[in-house]
Amino acid sequence: MAEQRWRRELRGSRVWRVPVMTPEEAFRWNAVKRYVQPRADRRSIGRYGELMSGRFLRYEGATRRRFLHPLLADAASITDAELEALLSEGWRPRLTAAWLMR
């Protein structure tokens with residue numbers, strides 16, 4: 001196992017130890033942030049939560065379009081490398097990747 005490297009980062013008035021990511025880890029993290037993580041709306045459970053619960057099946061009208069249009073756009077634009085990155089992570093990214101595969 002590789003030894004974890006750290007760097008110091010100033011946030012506000014405190015100094016934090018932040019892990020240094022390899023380019024591969026950064027690529028995977030960016031894919032997860034883009035396709036899986038909850039949106040800025042704090043009431044949202046995120047894409048993976050809506051897919052897992054199936055509650056998007058009950059959406060109607062504009063709510064359904066707000067959920068499905070970004071999902072379809074991401075499914076059309078995701079690359080094979082990003083799908084591999086999502087499939088190599090935990091259950092949330094794998095669930096989302098399964099829905100984004102065409």
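## Contacts of Arg 102

Two residues are said to be in contact when heavy atoms of theirs lie within 4.5 Å. In this predicted model, and leaving aside the neighbours of Arg 102 within four places in sequence, Arg 102 is in contact with Ala 75 and Ala 76. Arg 102 itself belongs to the segment that follows helix H5, which covers residues 91-100.

A further relation is one of distance, for Arg 102 and Ile 78 stand 24 residues apart in sequence, while their C-alpha atoms are 9.8 Å apart in space. Is Arg 102 buried or exposed? The relative accessible area of Arg 102 is 78%, and because the cut-off for an exposed residue is over 50%, Arg 102 counts as exposed.

## The protein as a whole

Of the 102 residues in the protein, 27% are buried. When contacts between residues at least 6 apart in sequence are considered, 45% of them join residues at least 24 apart.

## Helix H1 against helix H4

Helix H1, made of residues 23-35, and helix H4, made of residues 80-87, have axes that come within 9 Å of each other and cross at roughly 90°. Since angles of 65 to 115 degrees count as roughly perpendicular, H1 and H4 are therefore described as roughly perpendicular to each other.

On the side of H1, the contact is made by Phe 27, Arg 28, Ala 31, Val 32, Arg 34 and Tyr 35, while H4 contributes Ala 81, Glu 82, Ala 85 and Leu 86. Sorted by class, the residues of this contact between H1 and H4 comprise 7 nonpolar and 3 charged ones, with no polar residue among them.

## Helix H4 against helix H5

Helix H4 also meets H5, and here the axes come within 7 Å and cross at roughly 145°. The residues that make the contact are Leu 83, Leu 86 and Leu 87 from H4, together with Pro 93, Arg 94, Ala 97 and Leu 100 from H5. What classes do the residues of the contact of H4 with H5 divide into? There are 6 nonpolar residues and 1 charged residue, and no polar ones.

Leu 86 of H4 takes part in the contact with H1 and is also listed in the contact with H5.

Key:
Residues are numbered from 1 along each chain as its sequence is written. This is a predicted model: local features need pLDDT of at least 70, side-chain atom pairs count only at pLDDT 80 or more; totals for chains, interfaces and linings use all residues. Side-chain values use heavy atoms; hydrogens and water are left out. Buried means under 20% relative accessible area, exposed over 50%, partly exposed in between (1.4 Å probe, protein chains only). Helices (H or I, at least four residues) and strands (E, at least two) are DSSP runs, numbered from the N terminus. Axes are lines fitted to C-alpha atoms, for helices over the stretch in contact, and angles run from 0 to 180 degrees between N-to-C directions. Angles under 35 degrees count as roughly parallel, over 145 as roughly antiparallel, 65 to 115 as roughly perpendicular and the rest as oblique. Ala, Val, Leu, Ile, Met, Phe, Trp, Tyr, Cys and Pro count as nonpolar, Asp, Glu, Lys and Arg as charged, and the others, Gly among them, as polar.
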